Amino acid sequence: MKSYITGAVSGIALLVAGAVQAEPQVEVLHYWTSGGEAKSVAVLQKEFADNGGTWTDMPVAGGGGDAAMTALRARVLSGNAPTAVQLKGPAIQEWYDEGVLADISAVAEANGWADVLPESIANHMKCEGTWCAAPVNVHRVDWIWANAEVLKANGIDMPTTWDEFNAAAAKLSAAGIIPLAHGGQSWQDATVFEAVALGILGPDGFRKAFVDLDKETLTSDGMVKVFDQMRLMRGYVDPNFSGRDWNLATAMVMNGEAAFQIMGDWAKGEFIAAGKVPGEDFLCMSTPGEGFLYNVDSFAMFAVDGDDKKQGQDLLAKLVVGKNFQEVFNLNKGSIPARTDVALDKFDSCATLSSDDMAASSSNGSLLPSYAHGMALRGAQAGAITDVVTAHFNSDMSSEDAVQQLATAVANSM
Amino acid sequence: MTKWLEDNMPKMVLAPSFIAILIFVYGFIAWTAWVSLTRSRLLPKYEIEGFIQYERLFASPRWDTAFGNLFIFGILFIVIAMILGLVLAILLDQNIRTEGALRTIYLYPMALSMIVTGTAWKWILNPGLGLEATVRGWGFEDFTFDWLINPDMAIYAIVIAAIWQSSGFVMALFLAGLRSVDGEIIKAAQVDGIPTWRVYTAIIIPSMAPIFLSAFIVLSHLAIKSFDLVIALTGGGPGYATDLPATYMYAMAFSRGDIGQAASSAMVMMMVVFTIVVPYLYSELRSKDG
């Protein structure tokens, strides 16, 4: 009998102790499940545990995050949101509008986020003035990758204008090399399209068209030229491009079958994993034209109950934007840190180029969100644009028709 | 007590499934209908806004393609699979020795999931890897078979794969039907010296009308809900040339956070199903009454 009582008393004592010393807890919903990404998340998990927290992992693979978003929707509707969710772009504000995000301004201000993050990226992390998400990395989307040997053998330099690119492509075609490695999936079509649009419309035009959805810019002569260039690009890909995955297209550049690929800096991970050296085996450069298109991964913090969870949220936010994590994570993932004060000694030449360009374009206002990767527009609007882009790219639609359809589709998606 | 149990047992046993169906089928149909009248985006909202989602739906060129594809795919798939199934069944019905083995071979594709079928046909139809490359390898340099990457023809490539998958099943249905025809009538016809093809067209096939109807119902619901085959074979591409209503709905609901639009497309799909199923149910019920 006595032992029962002591047992019960010590049990209560433990409970009380537990309540006093709330352990930071997070449940993190994310879709970083592939090799390099999973490794990057493990870095964060370890750091979180080292700081005394308990991490409950909730990875949902599949569909480029679609499956994770479906899981999130179910969790939110059942009133049991995860602590932190991998979300990006306007989706953060969309969830805020549903009234389910938490305010982490205290952490952000204590750690001076406003001073270390580029302004346009910081704006993505704010919901009506309060901080509601923590940025993890910056992927640059408007990269052009090239096989150094192929370019050298054909006497081609990295193109700095689209005319140069077209000339180089003609030369490569004549030499029997596929000028552009590309996979016919709609998001890849959209990736090429936005790089072309940035080059031809310029940063201001790009902002008007794909951030403000300005009808005049969408139907302008410049936009017709963008589609004209897309028609040319269609001629530079091989006949088998339909449905090809992006990493297979990267492999074509690697083994010299194709010369160029336009793809975000996750392609670099493929080159490096194959033991290629940037600057020697493969070249990286921004696509012709001014500007910088970013794709920023971030964790949005959801409103949760309980001190342990709130503490966990604050700790997670602090660690995610911390210098150490930003460096280690981005070395693993191939992107660059979102904060501008991380030393880049350990990063490769492509990453330093990306970081320099980010700083430069941030100061002259040409640091722009990628529409193709869900940074600029809501899903329905971005999707409507992509539908037109991919329909034009995969048929013989004229540029004028495409521009008309673009305006109609955007209006219809509101 | 036992009397009461005897009277009420069937109702009690059926009640749980009845309630489950009421909620999870009809309840959710009603819910979808409601949501399709709202401006729901990321999460469902419940303020009714009228037919705005349907207006958006019918103004969308992508939906036009998807809806048109449903008819191209559905009609070709059903008609060809039924003709092919019937021909195979008649050929197998000639008392041939290896019938059991042949029947299994033709029925086997049905055992594969549509994802497997789609992936296998993706490789077979890929111009750089499959059929085209092989025939060109044999020396026919001009041979082209690029349906899979041709936006105008890709939907027909899907039809091919779907027929390959399902015609064996249709054959089995018809074979069972052929066997159920009264042998005496056929023998009588043969005694009268009527040619075999006449026996089939005038006696056997007409007496199999119910089988045609079942085959049609099974195939048409396969056609309308086709989703996995498209995802595996083309992913809706090139562009969105092979989108079907089901893939359109999935894209809107799960990739684009446009639940209202997805709900309206689901309602239109349901209406298509109803236009096929309701006449069937009607004729079934009427014939039972009479």
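Predicted model: local features only at pLDDT ≥ 70, side-chain atom pairs only at ≥ 80, totals over all residues.
B:N95 is found in chain B, in the loop that runs between helix 3 (61-92) and helix 4 (99-107). Although B:N95 is not a glycine, its phi is positive, at about 55°. The residue counts as exposed because 6 other C-beta atoms lie within 10 Å, and a residue is called exposed at 12 or fewer.

A second residue with a positive phi is found in chain A. A:L213 has a phi of about 50° and, again, is not a glycine. Its place is the loop between helix 10 (186-210) and helix 11 (215-218) of chain A. Here the surroundings are described by another word: A:L213 has 20 C-beta neighbours inside 10 Å and therefore counts as buried, the cut-off for that class being 20 or more.

Taken along the principal axes, the box filled by the C-alpha atoms of chain A is roughly 90 × 45 × 40 Å. The radius of gyration of chain A is 23 Å, which agrees with the value near 22 Å that a compact globule of 414 residues would have. Of these 414 residues, 51% count as buried.

Chain A is divided into two parts, each made of two stretches of sequence: domain 1 covers 24-140 + 295-353, and domain 2 covers 143-294 + 372-412. Between the C-alpha centres of domain 1 and domain 2 of chain A there is a distance of 29 Å. The contact between them takes 18 residues from domain 1 of chain A and 18 residues from domain 2 of chain A.

Which elements give two or more residues to the side of domain 1 of chain A that touches domain 2 of chain A? Two of them are helices of chain A, helix 4 (90-97) and helix 17 (349-364), and two are strands, strand 6 (133-140) and strand 11 (292-301). Sorted by class, this side of domain 1 of chain A holds seven nonpolar, seven polar and four charged residues.

Notes:
Residues numbered from 1 in each chain as written. Chains lettered and ligands numbered in written order. Helix = DSSP H or I, 4+ residues; strand = E, 2+ residues; numbered from the N terminus. Rg over C-alpha atoms; globule rule 2.2 N^0.38 Å. Domains from an automatic or database assignment. Contact = placed C-beta atoms within 7 Å. Nonpolar A, V, L, I, M, F, W, Y, C, P; charged D, E, K, R; others polar.
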